[in-house]
Amino acid sequence: MKSYNHLWEQFISDENIELAIRNASIGKRDRKSVKRRLERPHFRDEIKAYALNFKNKPHKPKEIYDGIQRKKRTIIVPSFEEQVIHHMMVNVLTPIFSKGMYEHSYGSIPKRGGHKGRMTIEKWIVKDGKNCKYCLKMDIRKYFDSIPHDIYLRKLRAIIHDERFMEVLEEVTEVIPKGLPLGFYTSQWTANWYLQSLDHYIKEQLHARHYIRYMDDMVVFGPNKKELHRIQKEIDRYLHEELGLEMKDNWQVFRFEYKGRYRFLDFMGFRFYRNRTTLRKSIMIKATRKARKIYKTGKVSVYSARQMLSYLGWIDATDTYGMYEKYIKPYVSFQKLKRKIKSYDKNRNRRKAK
């Protein structure tokens, strides 16, 4: 296992601070609080001073509803200064975490994501139907909330031998007594990295034929139930003994859909069948409701326009054109939405230039 040193110099460099400020402010430059900070002449120096003696600011947890996963989540919203520090950390960690990353891990990774994961599953189903006869679907119980700090930090220390940089990582971790804080930019990266050893165990030791992971949601395809039950037991054991985690009790092994019989796979917001891929029902309902709301009010905000275009991306990637024609096309014009966003972006860029 390769170890890394001299990371503090990268972390605290002027180039890294400038890049982190730029990345942290994407989509936020029009906010008064962010704009005020960016206009301060010594803001870069303030960030550097804060990084040299980094401590978490006081936080009050906030509850939100995750529409994709259909569950309530408790998040911690960091200050803009903390967000910049988090981006500084991720800039240093990204090359480290990217080495050894499993090729079919798709959650919260740049240039990957649900649509690439969708194409991977569709390819497996078409080209190797024999080994996609059965499906094991599982996820981890309260993943972000249950990651034990002792194991997590021990695994980090095994590869990061820069004590000063580790102190910053520990400070961010200890903002909550257990688990990783949802809402922190660092968490999505470190949570993905924490399961890297599991990915390699499943592929190299358990010899799973087709395995895909989207954060803590996992799917394994196989030719028979017996093999998948064996894999499930070994994954359950590995999670408990090596990572201090628990698999949810609702894991399933089932016969994958064939000629309209058996079950489809619901994963990453999609429903996978042998001959088609559709949207998850909850996403379809949200898209149609948003379209009708826009039609009823007769007005559309830039935020709503972006939302509808996002839904269009989902629709274009799946076999749901009939749903689009019947429930969305009569209510909204995507050409008008695109023109609205283009005009908004053009005016915003003009204001920035001034």
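Reply:

With a relative accessibility of 34%, Ser108 counts as partly exposed, a class that lies between buried (under 20% relative accessible area) and exposed (over 50%), computed with a 1.4 Å probe and protein chains only. The model is predicted: local features need pLDDT of at least 70 and side-chain atom pairs count only at pLDDT 80 or more, whereas totals for chains, interfaces and linings use all residues. Residues are numbered from 1 along each chain as its sequence is written, and side-chain values use heavy atoms, with hydrogens and water left out.

Ser108 belongs to the loop that joins α5 to α6 (114-127); helices (H or I, at least four residues) and strands (E, at least two) are DSSP runs, numbered from the N terminus. Its backbone has a phi near 55°, a positive value in a residue other than glycine. Most residues other than glycine have a negative phi.

Which residues does Met215 contact, its neighbours within four places in sequence aside? Ser108 is among them, together with Gly107, Tyr143, Phe144, Gln188, Ala191, Asn192 and Leu195, contact being heavy atoms within 4.5 Å. Met215 sits in the loop between β4 and β5 and also takes a positive phi near 55°, again in a residue other than glycine. Its relative accessible area is 8%, so Met215 is buried. Between the C-alpha atoms of Met215 and Glu170, which are 45 residues apart along the chain, the separation is 22 Å.

Tyr143 and Phe11 have the most contacts inside the largest nonpolar core, which has 74 residues. Helix α5 (residues 80-98) gives this core its largest share, ten residues. A nonpolar core here is a set of buried Ala, Val, Leu, Ile, Met, Phe, Trp, Tyr and Cys residues joined through side-chain atoms within 4.5 Å.

Gln83 is in contact with Ala24, Lys28 and Pro78, residues up to four places away in sequence not counted. Gln83 and Glu46, 37 residues apart in sequence, are 14 Å apart in space, C-alpha to C-alpha. In α6 it is Gly117, buried at a relative accessible area of 0%. Residues up to four places away in sequence again excluded, Gly117 touches Tyr106, Ile212 and Met268.

In α11 (residues 196-205), the buried residues Gln196, Leu198, Asp199, Tyr201 and Ile202 pack against α5, α10 (185-194), β4 (210-214), β5 (217-222) and α12 (225-243). Just after α11, His207 has a positive phi of about 55°. In α8 (residues 149-159), His149, Ile151, Tyr152, Leu153, Leu156 and Ile159 are buried, and their cover includes α5, α9 (163-173), α10 and α12.

As for the whole, the protein chain contains 16 helices and nine strands. Its radius of gyration is 23 Å, close to the 20 Å that the globule rule gives for 354 residues, so the chain is as compact as a globular protein of that length; the radius is taken over C-alpha atoms, and the rule is 2.2 Å times the number of residues to the power 0.38. Along the principal axes, the C-alpha atoms fill a box of roughly 65 × 55 × 35 Å. Buried residues make up 49% of the 354. Of the contacts between residues at least 6 apart in sequence, 71% join residues at least 24 apart. The accessible surface of the chain is about 19,500 Å², 49% of which belongs to carbon and sulfur atoms, by the Shrake-Rupley method with a 1.4 Å probe.
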